[in-house]
Each structure stands twice: as structure tokens, then as C-alpha cells.
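Please look over the chain below before reading on. The report starts from a single side chain and then widens to the whole molecule.

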Amino acid sequence: MAVETLLPSAAPVRFVAEDGSRADEHGTYGEPAGERLKEAYRLMVLGRRFDVQATALTKQGRLAVYPSSAGQEACQVAAALALETRDWLFPTYRDSVALVARGLKPGEVLTLLRGDAHCGYNPVETRVAPQCTPLATQTLHAAGLAHAMQRRGEEAVALALIGDGATSEGDFHEALNFAAVFKAPVVFFVQNNRFAISVPFEKQSAAAALAYKGIGYGMRSEQVDGNDAVAVLAVLDDAVKHAREGKGPVLVEAHTYRIDAHTNADDATRYRDAGEVAKWREADPLKRLETFLKSRNLLHDTEIERFTADAEVFARSVRDTMNAEPELDPLSLFDHVYAEPTPQLRRQRAALEAELEA
């Protein structure tokens, strides 16, 4: 295999500049259709409002924790739109907006972050794995499931969302090696938001870009401007197509930025300055896409107003859902541990049931 076929672009793929004007830095990638870009904008508006609302819910005590993805909406939404219903999404704890864009109900998405259960939705029905908190373990799950689908003859793809910090974990490298050797139909999508909690990128890796990490495993790689929704969707569309056609896995790195703190429990002012955040706010993916679409007459003010109003209605539904007290069954603790409960589990369940009745 020629190394040239694996190398990412010398500079991140880009269709749209920071000011919303056209940028011809995308090589042979085709621009997604206008209707798909408008749908991406709608979901980004919805996702940002959801993110703001979820952050507010932590301050009201309705969520235990919330890792914001403000500034990463282009990556989140493109990841959902690039997949078909038959495909699998493997998210991290920071990818709630991707789940909302995938069509999951907000109450189901936020179950984990409220502390009610490890997962609030049915992964088999939704084809969305539980949101993963341990770094990089979902990459192994994605590679394994993709290989299993391949062996069953399914023309489906798995997409694993990853943070830059996860690329420092051994699981990440094991997953890439396994997927490349067996040509598993999986896309590893790294959202490089410059910080692993408080550790800056330059203290994590000496690589020119994380995309180059795929080459050593014989994996096609690419890097993209993660705040350019047009470019992210174009690159992910191509990566998913490549994997679906049996040509092997793809590693995509999106260069983006985490505008808010790591979580509501983090004080980001201790390790980065306000000027850096302000600079990245100017590269706002939502505003960039809006300007681009309006300049091409693909988006109008009336549609922007409608999308914004719909997002407010959605935020109200999130508040109503999370303000309602959950109905929890203590005995559900024993569900989904084993397909066939062990004698020990049966005894423990019976003991708890007797205690609750007493």
C-alpha cells in the first residue's frame, strides 16, 4: 500500500473561511447538497440551545454534571448526519449534541448525566452505544462491532467519536491496529479541541497533527477544519463511504476548540487565558455556516427565525423533562447484568426486595 494514499491533507480541509466566505482548500472533496447543509444548520441551532439548557440545569441541581460541546457543533452534527439508520454511533460523555442530532430524546440522553442509570436509551434499537466516560474504551467497542457486522455481511459502518486526550490511551492504538488489520468498517473521528481537561495539546503529543497517527497502522487518514460544517460533513461522508465499501477504516481529525470548561465542575481560567477563548469564538461554526448559506441564497431570515423558535420549544421540553422527578425502581439494579441471573444475584435481589417491602 502506497503511503501517499494514507496521508492526510497537508493543511486541514476547508470549504468556508472564518468570515463565512468561500475557501477553496478542499482538494477533490465534493460539497454536500444545499438541503443537507441547511439541515446541518438547523440541528446546530438546536444543539447549541440544548447545550446551553443542559448547562443551566447543572446550576439548578437537575444534572450532576454536564460536559459542554459549545464550539464543537459542526463536528457533533456532521457525525450524526454522515451515518444512516443502519450504522452505529459510539459517543463519549461530551457528545450529547450528536445524540440529539441522531434523533434521541433529551431525557434519554441526559439520564447518564443526571445519575439515574448508565444509559437512558436502548442501544440496539437506536444503534447508539452508551455514552463512554472512560477514555478510548469505545474505540475498541466500535472496532469489534464493525468487524462483527463485516463478518455477518452487513453493509453498516461504526463511527467512534473521540477527544484528543483519548489518543494518548493504549486502547486507542489497539483499536486502530485491529481495525486496520481486519479492514473493519469503522471511522475514528477525533475532535481535537486543544485540551484534555487542563492538559494542552502540545503536552499530549509531538505529532504535527493527530491525523498522522493513522499512517503507522496502514490506515487512511485526514484532517479537517472542525469549525467548518461544510468541510466536516464532506470529509465524514467520504470516510463513511470508504469504510462501507470495504476499503478499511479511516482516521479523521477535526481541529476545533472547547469554548466552555471541561465540565461545570472545572475552572478553565486556571489553565487558559480569555484572549484565546475570544479568538476561537470568532471562528464560531454556527455563525460561519449561517453566513455561508445566506451568501448563496440557501438560507433566509425567516428560516433562521423558525429554527430559533423551534429550538426554544425544544429547550422548554428539556426543562419540563428534567424538572420531573424520575421514577426509579431499586430492583432494576439487577437488570441487564447477565442474560441469565446467577444464583448470587437472585439471592441479593430477593434480599433487597424483602427489605423494601419491610
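## A polar contact of Gln-204

In this predicted model, the side chain of Gln-204 makes a polar contact with the side chain of Asp-164, at 2.8 Å. A polar atom of the Gln-204 side chain also lies 3.3 Å from the backbone oxygen of Val-199. Gln-204 itself is placed in the loop between strand 7, which covers 199-200, and strand 8, which covers 220-225.

Is Gln-204 buried or exposed? Its relative accessibility is 18%, and because buried means under 20%, Gln-204 counts as buried. When its neighbours within four places in sequence are left aside, the residues in contact with Gln-204 are Asp-164, Gly-165, Ser-168, Arg-194, Phe-195, Ala-196 and Val-199.

## Two residues with positive phi

Most residues other than glycine have a negative phi. Against that background, Arg-127 has a phi near 55°, a positive value in a residue other than glycine. Arg-127 is found in the loop between helix 6 (123-126) and helix 7 (137-152), and with a relative accessible area of 22% it is partly exposed.

Ile-197 likewise is a residue other than glycine with a positive phi, near 55°. Its place is in the loop between strand 6, which spans 195-196, and strand 7. The relative accessible area of Ile-197 is 44%, so this residue is described as partly exposed.

## The chain as a whole

Taken along the principal axes, the box filled by the C-alpha atoms is roughly 70 × 50 × 40 Å.

Of the 358 residues in the protein chain, 51% are buried. Among the contacts with a separation of 6 or more, 75% are accounted for by residues 24 or more positions apart.

## Surface and charge

How much accessible surface does the protein chain have? The accessible surface comes to about 16500 Å², and 52% of this belongs to carbon and sulfur atoms.

How values were computed
Residues are numbered from 1 along each chain as its sequence is written. This is a predicted model: local features need pLDDT of at least 70, side-chain atom pairs count only at pLDDT 80 or more; totals for chains, interfaces and linings use all residues. Side-chain values use heavy atoms; hydrogens and water are left out. Helices (H or I, at least four residues) and strands (E, at least two) are DSSP runs, numbered from the N terminus. Buried means under 20% relative accessible area, exposed over 50%, partly exposed in between (1.4 Å probe, protein chains only). A polar contact is a pair of N or O atoms within 3.5 Å; within protein, one must be able to donate a hydrogen and the other to accept it, and residues adjacent in sequence count only if both atoms are side-chain atoms. Contact means heavy atoms within 4.5 Å. Accessible areas come from the Shrake-Rupley method with a 1.4 Å probe; for residues, only the protein chains shown count as cover.
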